[in-house]
Amino acid sequence: MTESRKFDSSAVNAITAASSPADVAAAVSTALFGDASVAKVLTESSEKLSWLRLAPGDQLFQQGDPADALYFVVRGGLTVRIHGVEGTDIDVGKIGAGEPVGEMQVFSGGARTASVCSTDGCELIRIPRASIDGLTKSAPEAYERLSNRVESRLRRNRLISSLTDLLGSVDDDLVHDIEEAAKWHRVPRGDFLFHKGDPGDSVYMVVSGRLRASLRDDADHEQVFGEIRRGETVGEAAPFTGSARSADVYALRDSELISFSNDAFETLGDKHPVVLRRIASLAMVRLQRAQGTGAALAPTTSIAVVALSDDVDLDGFISHLGRSLSSSGSTLCVNATSADQTLGTPGLSQLAETDARSRRIDAWLDEVEIRNSFLVLEADKGPTAWSKRCVRQADEIVLVARAGSNPTVTQAEKDLLGTAADGAKIVLVLVHPESTVSPSATATWLEPRKIHRHHHVRDGSHGDIMRVARFIAGRALGVAFGGGGARGFAHIGVVRAMMELGIPIDAVGGTSMGAMISAQVALGWKTDGMSEACSQLFGSWASDVTLPYVSLLGGHKSRTRMQQSIPDVLIEDLWLRYFCVSTSLMTGAIVVHNSGPLRTGLRASASLPGVLPPVIVGDDMLVDGALLRNLPTDLTADLCCGGPVIALDVSGPIEMAAGSWTGDSISGWQVLAQKLNPWSTQAKVPSLAAILQRSIEIPGSAVERSVMEEFSGLYLKLPVQQFGLLDFKCLDQIANAGYEFARPRLERWLEANPLMR
C-alpha cells in the first residue's frame, strides 16, 4: 500500500542552506516537530544528529532490524519493501525528499516492519532514538506533535488492516474515500456506542477492540446477540432499513471505530459497490444468526492475567500458558518490564492514560496484537497504571489464585477491575497442590465475583494448563453423553479409546446414564474405576419396589448406592467443566445442573417418570432430562465456548418392536406365569420401565436431530441397540462394543484435527 505524503520543499531548503550542525538541527526540528527550539534537545543528546549518504540500491535498514533511529530525507528517494510469500520482496511504497522514514517503529517500538533501500541515491539526516526519547521530558509539546503525526499514520495502518479483514483487499482510492467520509470514535471499556431505540443514522466499523450487542430484560438478565471485533461492522442495517437501533451495543474493551452517516455510506457504496455488497452480506448473516440458536462470539486475542494474591507464581503460570497457547497461534507475553525494555523507555508502562506519552505504548500494543494470534498481558501486583491498561485492553481477564488462600474480594481487586466485571469475560483459575485428589470450596471464590467460567489446575500439570489454553483459543473439546439406560455403558468404551489416543476431554455434559458417565469423567476417574462404580450402582432393584402410587421404585436403594459410589462433591469442585440436565414438572423446561450437589443433579437427571420418584429441589419436581434433551449437544457446545463437540448417541431409530400379544389388552399375571414356567413359550413383552424410557426419549428426538449437525464436530451413533435398556449385567460387553466402534472413527477424526491431540 503506497501512502501519499506532502513534499516539504521549505524544510529541505532550510536543511540544505544550513551552515552549521546547530542550523541543521533547527531546520530538522521545524520540519518534524514544528518547533525550532527542539534543536537544543537533539544536539545535547548523548547521540548526535548525523548525515547519511546512500548510493543507488544501498540498504537503509532491513525488515526485522531494531528501530534505533528515524530519518529525514533531504535529497533523492527510497523504496519500501516487505517480504512476501515464497521469499519474494514486494515494493509497497516510495519515500521522497522532505519526508520522514522509520518514525513509526521508533515511536511504537519493536523491530522494523519493512526494508528500505535507496532508489537513485539519497541523503538523509539520522535522528537517534535517544534524542526522540529525550523529548518526553524536555519538550513534551513537541513530542506530542510527533506522536499525533505518528498516531495518525498508525490509525491509517490499522484502518487498512481492518478494511482488508472486511473486504479482502483494498486500493488507494478506496482508503482515501473512506478516510474522507469517516469520523473516528474512541469508546472506553464499558461505555455504550448506542442504545436500543436510538436513531439508526450511521454505520460503524471496528478498527480495534471489541463490542457486544445485547439487551437486558426487566430482571436485568442480559441476552447476548453477538460480539463485534476488528474488521467487522455494527449498525449496518441502518442504511437499508432506516429503522432505530434494535439492541444495545457497548465496548467490552477500549475500542476505536470509524463511522459513516447514512448519506456518506450511500455515496461510498455508489462509488465502491464492493463495500455495499460486503456489508449487505454481513447484515444478512447477522439476521440469520439472530434467528438461530446462539450468539456469535468473537475469538479471544488479548488476555490479561491478574494474580489475586502474593502466593501465586504468576510468571511461571504465564510462561506455561504462553507456551500452551503457541500451539494454536503466535503468542506474545508482555509485562511492564518487558514493555519498557522493548520501547527503550523505563517507566513508560506506568504512565497514566491521560499522559500523551502513553499513546506510545498503546500504539505498540495495538501493533503487536495485530501481528500475533494471542497477546498475554501480565498485570502487576496491585492496581497500577500498567495493570489497569492490561484490563482495559483485554478480551478476557484471567484471575489466578491459590485454591487454599483467602477468597475474599480485596480492595485492590475492586480498584483494578472496577466495572470491568460488567460484561467482561472473567475467568477464574484456581491452582492446587500437585497431590490434590479433589478440589473443594470453589463456591466461596465464585459467589462474590461475576465469573464467566472457572478452571482447576494442579502445580506442574501441563495437561491442566493446556486445557485453560484450549478454552482461550476456542479449541476446548466437549463431549455430550446421551441417555439410554444400560446402553450408556458404551460411553465408557469411547472414553477409553479417547484416553488411548491422547484426545483431551475439556468439558462434559449428559443426560440420565450419560450424566452419570460424564460425571465420572469430570471427577478425573479412569475407565476401570468407572466400570467398578457402575457395577455397584446398577443391579437388582427388587428390594426397592414400593406401592406404585408415585413410582414403581421407592428410590431408597438408588440413593444408598449413589452415596456408596459417587463422592459427596459440588459440581463446581469437579476437575472438568460439567453439567447434566433434568426436566421440571412445574415449568416443563430443561433444568441445567452446573453447580450445587453432584448427587442431586445425577439423581434428577436419571429419575425415569413412573419408575423412580421425582427429585424435589426447592418448590420444583425434577425428572429425567431425556424428556426434553436426551443428547445435550447444544448445551455442551455452550460449555466448551465454541470448541468442537463429540456427540455420543446410544438411542436407536426404532427402540422396540411390537409385542407377541394381539389386540389392545394384556394380562400381566399371564406374562408373569409364563416367565415362571420354564416349559412355557415366553411372551415377547417389553417391560414397563422400557416402555417409559422409550416414551420419554421420543419428544426430544426431533429437537436433537435439528441441532446435531450445527453443534457436533463428530457424531457417533454407537451400535448397542441389541442390548436392552435394563441389561445392566452386560456392562463389559456394552463398553467393549462402544470401544470397538469408536476407536477407528476417533483415529480418523484425529487425523483431520491434529491440533486436538
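**A buried glutamine and an enclosed strand**

Gln-393 counts as buried because its relative accessibility is 6%, and the cut-off for buried is under 20%. The model is a predicted one. Gln-393 belongs to helix α14, which covers residues 385-393. Leaving aside residues up to four places away in sequence, Gln-393 touches Arg-253, Ser-302, Asp-362, Leu-365, Asp-366 and Leu-377.

The second stop is strand β23, residues 577-584. Eight of its eight residues are buried, so β23 is largely enclosed by the rest of the structure. The burial applies to both faces: Arg-577, Phe-579, Val-581 and Thr-583 point one way from β23, while Tyr-578, Cys-580, Ser-582 and Ser-584 point the other way, and all are buried.

Which strands pair with β23? One is β22 (residues 507-511), which pairs with β23 in the parallel sense over five bridges. Within this pairing, Val-508 has Tyr-578 of β23 as its bridge partner.

Strand β24 (residues 590-593) runs antiparallel to β23, and four bridges join the two. Here Ser-582 stands opposite Val-591 of β24. β23 and β24 form a hairpin with five residues between the strands, and in this hairpin Gly-588 takes a positive phi near 70°.

Strand β26 (residues 620-624) is also antiparallel to β23, to which it is joined by three bridges. In this case the bridge partner of Ser-584 is Leu-622 in β26.

Notes
Residues numbered from 1 in each chain as written. Predicted model: local features only at pLDDT ≥ 70, side-chain atom pairs only at ≥ 80, totals over all residues. Heavy atoms only, no water. Buried < 20%, exposed > 50% of the residue type's maximum accessible area, 1.4 Å probe, protein only. Contact = heavy atoms within 4.5 Å. Pairing = 2+ DSSP bridges.
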